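Thanks for coming. I will walk through one structure today, starting with a chain as a whole and ending with a contact between chains. Please have the sequence and the model open.

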Amino acid sequence: MTAVADSKQKVLDRIRAATGKPAATAEAYAKLERGYTRRGELQADALIERMIERLRDYDAEVVECKPAEIAATIAAQLKASGKHVFVAPEGLPAEWLAEGFDWQIDQQLEAGAVNRAEGVVTASFCGVADSGTIVLHHSASEGRRVLTLLPDWHLCILRSSQVVETLPEYFDRCAQPPTLATWISGPSATADIEMTRIKGVHGPRFLHVILVRDEG
Amino acid sequence: MSAISNRPILDPVYAPPFPVAALPVLRNAQLRKNVGHAIDVIQAKRARLVAEKTDWQELRTAAAGIRDHVLAHLDVYLEQFEERCTAAGGQVHWAADAAEARRIVLEILREEKASEVIKIKTMTSAEIQLNPFLESSGIHAYETDLAEIILQLGEEEPSHIVVPALHVNRSQVREIFARKMNLKDLSDEPKELTAAARNYLRQKFLSIPAAISGANFLVAETGAVSVVESEGNGRMCLTLPRTMITIAGIEKVLPRFRDLEVVLQLLGRSATGERMNPYTSLWTGVTPGDGPQKFHVILLDNGRSSILAKKTERQTLRCIRCAACMNSCPVYRQTGGHAYGSVYPGPIGAILTPQLQQLHHAQSLPYASSLCGACYEVCPVKINIPEVLLQLRSQVVDQERRQIRRFFDPMHLGLRVANLIFSQAWLFHAAQWMGKTGARLVTQKDGWIHWMPSVGGKWTMTRDLRGLPQQTFHDWWAGRAKGAK
C-alpha cells in the first residue's frame, strides 16, 4: 500500500473513531431545519428596481432596453466605451456583434489574445436582486471563464425574466448543479488598504449591465 | 523606515505566551490606530447589512445545523467528495498532517517542473507554513491577494484572516511598494497602490504554470470546490495556470450544492460587510478547454479529527472563516492579531490554535478573552466560543495541576486548600470566622476593601472588594429558627 492510501485510511479511521456511528446520513440531512426565506415577495417591477439599485450600489453601470433594442443598445454601449477590440463567446448571438469593432470570437483563444482585448460582451444565467449578483454558468453564450476575467471592461446582458429576488430562488432555477459557475457582484474590488473600497484590482474594473425587459 | 512591527512569530510552537506577545503591540500606537480604524469600518458595514436581512437568525440556525450534520457524517461526505471530484477529472490526496501536505504539494510542483507558483490567499497554506518550505526547496511562491502582496513584499506577518494587512496603513503600503516594485513616484492613494499591484502581477498570472488555493467550501454531491474573493486574483489563479492545487481542511465539505444558498448569504455580510463578495467561483474537477487541465485537492487533517472527538469543542469546526469574531472582539481590537502567535488570531484562533496543537502549545490563548460573548453573537454558524474557551481553560488547568513543579503554585495550592475547607462543615465555619476577623483589619469605613497585602494585592491593585458582612447566612438562619420558637 502506498503512503497516500495509508494517509486516507488514517484520516478516515480518526474521523470514525471521533464520530462513532451516527444515524443514517440521508434521513438526518432531510430533517435539517431550514427556516430562512426561500421565496421573495417583490412584484415584477419592484424586483427589477431592486436588482438595478443593488447593481449600482456596487459600482456597476446599468441601462435598460426592450428585447427588440438589444443589438442597438449593445452598439451604443460599445461606442460609448471608446474601446475597439472586443472578445465574444462563441455562442453569442451574431446580431449582438455590432459593426465597426474588432471582434475576437473565442474559439480557444490564447490567454494572451484575450488579455489584449479591451472589453468583452456576454450573456448571463441569472440575476439575484437581493445581493445584486450576476451568475454565469459559462455556457456557449456566457463564455469560458477567462473571457470575463482578463479584459478590463465587461458588458453583460441580463433579461428581466432571469432575475430572481433571493439566492435560494437562483438554486431553484438550477435544474442540475453547474460544473462551472462564477457569481459576480460588482466589478473587482478590494478594501485591503485601510478598508477603502477600490474598484478594480485584477478582474474587470468596469461592469456594465444591459437589463432587457422581456416580460411585463 | 522601521518595520511596521518587529516580525512576530506566528508558529504556536515557538510563539511567546499571549500576554508577553501582546505587550509590544500595546505600546505601538500607530499599529493600534490602524487596527482600530479598520475594525470600526468593517463593523459598521456588517451591522448595516445584517440588519437588512430579516431572516438572519434563521440563516444562522440553518448554517449551524448543516455544519453540525457534516461533522457528524464527515467520513461519508469526504469519501463522496473524493469519488465525485475524481470522476470529474480531479485528483484527491489525503494529508494526515502538515508535513505530509507540504510534501504532496512539492511533489506535484516538481512533476510540473515549476520554479514559481502563484497563490490565492489560503489559511491552510499559512497553517502548514508552505511558503518558507517551498522557498527552501527552490520554488518561489507569489502571493496575489493585495494584502498578501503587501505582507510578502514588506516581510510582514498577517494579523487578520480576511484582511491580513489591516494593521498596515496607506503610507506604509506606499513605502513598501515604492521600494520593492521600484516605483519612486508612487503616491499613497489606495487607487494608485492598487493599480501598481495590478501591473505587478498581470504578467505573472499569464506565465506561471501552477497555482495554489484554499477552499471556502467543498461540495460532496458534485465534487465541486468553491472559492470566494474580491479582487479577481483568485479567478486568475483558478483559470490561467495549467495546474491547480487546492489545500482544504477536511471540515470544509458541504453535503449538497444547494447548501451554498445558506452559507454564502452569511459569509460576505459577516466577513466584509458586503451583500455578496465581488467574485464567487465554483469548479468541478477539470473542464476541457476551460481552466487548468490538472487539478489536485489535498484534504488536510492536521489535528482537526482530534477536535471532532470532543463534544463541546466540535463546534469549532463549523467555522467558515469570516472573521466576524475578531472584528467584534474587544481583546483583538487592543492587541491586533500578532499577539495570538498563530495564523488564526482573534476568538476563533483562541479556540482553534490550542486544539490544533492538541494543547501541547498555545495554552495561554484560551485566556485571551474577557468572555463577553460578542463573538458568539456575531458568529454566522453560532459557535459558542465562550463555552469552548471555558472548556479549554479547564483542560489547561488540569494539565498544569498534574505538573510536580506547580505543586506550590499559589493558585493551585489555594484551590487545594479551598477544596479541603469546602468538604468539612466545621472547617468551613472556622474559615468563615477567620476570614471575618482577618477582613475586618483591611475593611475601610465605607464597607469596602481597597487594599490587601501579599497576593491579595493583585486583586485590589485594579479593583475594590466588598467587605464581608458581620452576619453569615448560616448565623442568620440559625437565629431565625430560634426566634420562631
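Let me begin with a term: two residues are in contact if their C-beta atoms, placed from the backbone, lie within 7 Å. Among contacts in chain B between residues at least 6 apart in sequence, those joining residues at least 24 apart make up 72%.

Two remarks on the source. This is a predicted model, in which local features need pLDDT of at least 70 and side-chain atom pairs count only at pLDDT 80 or more, while totals for chains, interfaces and linings use all residues. Residues are numbered from 1 along each chain as its sequence is written, and chains are lettered from A and ligands numbered from 1 in the order in which they are written.

Now chain B overall. Its C-alpha trace spans about 95 × 55 × 50 Å along the principal axes. Of the 485 residues in chain B, 51% are buried; buried means 20 or more other C-beta atoms within 10 Å of a residue's own, exposed means 12 or fewer, and partly exposed is in between, again with C-beta atoms placed from the backbone. Chain B has 22 helices and twelve strands. Helices (H or I, at least four residues) and strands (E, at least two) are DSSP runs, numbered from the N terminus. The domain assignment, which is automatic or from a database, gives domain 1 (30–305) and domain 2 (410–476) in chain B. Between the C-alpha centres of these two domains of chain B there are 54 Å.

Next, a sheet. In chain B, six strands make an open, parallel sheet, ordered S1-S10-S7-S4-S2-S3. Strands S1 (91–95) and S3 (140–143) of chain B are at the edges with a single partner strand each, so each has one side without a neighbour in the sheet. On average, neighbouring strands of this sheet are turned by 25° against each other, direction ignored. Pairing here requires that DSSP finds at least two bridges between two strands. S1(B) and strand S10 (residues 294–300) of chain B run parallel and are joined by five bridges, with Val92(B) opposite Val297(B). Helix H4 (residues 74–87) of chain B packs on the sheet, where it touches S1 and S10 of chain B, and its direction makes about 145° with that of S1(B). Such angles run from 0 to 180 degrees between N-to-C directions, with axes fitted as lines to C-alpha atoms, for helices over the stretch in contact.

Two loop residues deserve a mention. Most residues other than glycine have a negative phi. Ala323(B), however, has a positive phi near 75°. It sits in the loop between helices H13 (304–308) and H14 (324–328) of chain B. Is Ala323(B) buried or exposed? Ala323(B) is buried, as 29 other C-beta atoms lie within 10 Å. Lys382(B) also has a positive phi, about 55°, and lies in the loop between helices H17 (374–378) and H18 (385–401) of chain B. Lys382(B) counts as partly exposed, with 18 C-beta neighbours inside 10 Å.

Last, the contact between the chains. Chain A contributes 62 residues and chain B 75 residues. Which helix gives the most to the side of chain A that touches chain B? That is H1(A), with twelve residues. Strand S9(A) pairs with strand S9 (residues 279–284) of chain B in the antiparallel sense, over five bridges. One of the partner pairs is Leu180(A) with Trp283(B).
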